[in-house]
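Subject: The model, with some notes

Hello,

Have a look at the model first, then read on when you have a moment.

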Amino acid sequence: MSLSNSTTALSGALLTPADGMSSQQIFINGKYYSKEEAVVSVFDHGLLYGDGVFEGLRVYEGKVFRMEQHLKRLYDSAKAILLEIPLPIEAMTDAVLETVEKNGLANCYIRLLITRGAGTLGLGPERTSNPQVIIIVDKISLYPEEHYRNGLEIVTASTIRNHPGALSPRIKSLNYLNNIMAKCEASKAGCLEALMLNHKGEVSECTADNIFIVKNGVLMTPPTDAGILEGVTREAVLELAVEAGIPTQEKTLTRHDVYVADECFMTGTAAEVIAVVRIDSRPIGDARPGPITLKLQELFHKLARS
């Protein structure tokens with residue numbers, strides 16, 4: 001099946017519960033299991049050490065959004081950590097599409113994981129075998145609907161992004177502990193998300209999303225070397241902005257830049273495009289989603305569902 005730059009259509013008609021599906025079907029190494037039956041070994045290094053990689057994808061109206069880009073990032077991440085995925089990318093494409101079909105959801109979220117496999121209690125990956133390929137398809141709603149209309153309040157976390165000299169932020173690994181700790185800070189502050197800085201004190205990204213600001217009509221977002229994950233939705237939004245005639249810059253940002261921005265929003269596979277209207281108790285602009293944010297939100301909605 002060929003892949004387009006935007007979406008990948010499912011190969012057949014989606015099933016529905018009326019067609020005979022009675023439970024969630026989870027793909028593990030070529031077989032399907034119910035949610036209750038889907039298990040991996042307690043000796044799997046994905047569980048023991050966070051040794052593995054993953055991707056999150058979205059399905060809109062029966063089409064997988066930018067699957068080619070997501071799978072390329074997955075295989076690049078695996079290569080970077082010396083993890084050989086036991087399926088060629090073409091077979092992985094078919095497995096993802098088949099799993100979506102078996103779950104009968106036209107609009108859903110896909111979590112695709114590759115673990116190192118079961119081994120000993122030691123760190124050595126050479127003692128592991130049988131990497132696990134796991135595909136989970138489910139519904140998702142990351143933020144309540146009112147936040148897409150009114151925007152989010154966030155805080156800056158004291159937990160920083162991993163130092164790029166220790167682990168490249170371009171690797172989407174199963175070890176998300178530093179993001180989780182920043183997320184805990186957000187929760188303690190009564191917020192749903194937190195801004196994370198890099199080891200130089202520059203703006204990097206949020207715990208699960210990329211971040212953008214607008215100042216004097218220019219759309220700005222941190223560059224790759226700020227310690228960000230190169231988001232698929234981030235790339236799509238930059239493309240949409242260029243097509244809409246909105247000036248864009250990938251540049252180093254500080255918290256001051258965010259504080260004095262006219263608009264701010266986040267992007268991500270699960271989050272899509274969502275405004276940030278307050279950070280660290282400071283209103284962004286007039287504390288409402290701005291016109292460029294709303295425009296890009298609308299354009300992305302159309303792109304994803306086209």
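Let me begin with the strand pairing: strands β8 (residues 152-156) and β15 (residues 272-279) run parallel to each other, joined by three bridges. Please keep in mind throughout that this is a predicted model. Within that pairing, glutamate 153 has arginine 278 of β15 as its bridge partner. β8 also pairs in the parallel sense with strand β9 (residues 194-197), here over two bridges, and valine 155 stands opposite alanine 194 of β9. How enclosed is β8 by the rest of the structure? Largely so, because four of its five residues are buried.

Tyrosine 148 may also interest you. This residue belongs to helix α4 (residues 145-150). Is tyrosine 148 buried or exposed? Its relative accessibility is 15%, and buried means under 20%, so tyrosine 148 counts as buried. Along the sequence, 126 residues separate tyrosine 148 from isoleucine 274, yet their C-alpha atoms are 5.6 Å apart in space.

Next, helix α6, which covers residues 232-243. Its twelve residues reach 17 Å from the first C-alpha to the last, close to the 16 Å expected at 1.5 Å a residue. The buried residues of α6 are Val232, Thr233, Arg234, Ala236, Val237, Leu238, Leu240 and Ala241. As a reminder for reading that list, an α-helix has 3.6 residues a turn, so residues three or four places apart point the same way. After α6 comes glycine 245, with a positive phi near 80 degrees.

Now to the empty space. Rolling a probe the size of a water molecule over the atoms shows where such space is left.

The largest pocket has a volume of about 610 Å³. Its lining is made up of 32 residues, and those nearest its centre are Lys172, Tyr176, Thr207, Ala208 and Asp209. Sorted by class, the lining of this pocket has 14 nonpolar, ten polar and eight charged residues. Which elements each supply at least two residues of that lining? They are β4 (52-60), β6 (108-115), α5 (177-188), β10 (203-206), β14 (263-268) and the α6 helix described above. Domain 1 (26-138) and domain 2 (145-305) each give at least three residues to the lining of the largest pocket.

There are also two cavities of 30 Å³ or more. The largest cavity holds about 120 Å³ of space. It is lined by 14 residues, with Arg161, Pro169, Ile171, Asn175 and Tyr176 lying nearest its centre. Five residues of that lining are nonpolar, six are polar and three are charged.

Key: Residues are numbered from 1 along each chain as its sequence is written. This is a predicted model: local features need pLDDT of at least 70, side-chain atom pairs count only at pLDDT 80 or more; totals for chains, interfaces and linings use all residues. Side-chain values use heavy atoms; hydrogens and water are left out. On a 1 Å grid over the protein atoms alone, a cavity is a set of points where a 1.4 Å probe fits but cannot get out, and a pocket is an open set with protein on both sides within 12 Å along at least five of seven lines; lining residues have an atom within 4 Å of a point. Grid points are joined across faces, edges and corners, and a volume is the space filled by probe spheres set on the points. Ala, Val, Leu, Ile, Met, Phe, Trp, Tyr, Cys and Pro count as nonpolar, Asp, Glu, Lys and Arg as charged, and the others, Gly among them, as polar. The expected span of a helix is 1.5 Å times one less than its number of residues. Buried means under 20% relative accessible area, exposed over 50%, partly exposed in between (1.4 Å probe, protein chains only). Two strands pair if DSSP finds at least two bridges between them. Domain bounds come from an automatic or database domain assignment.
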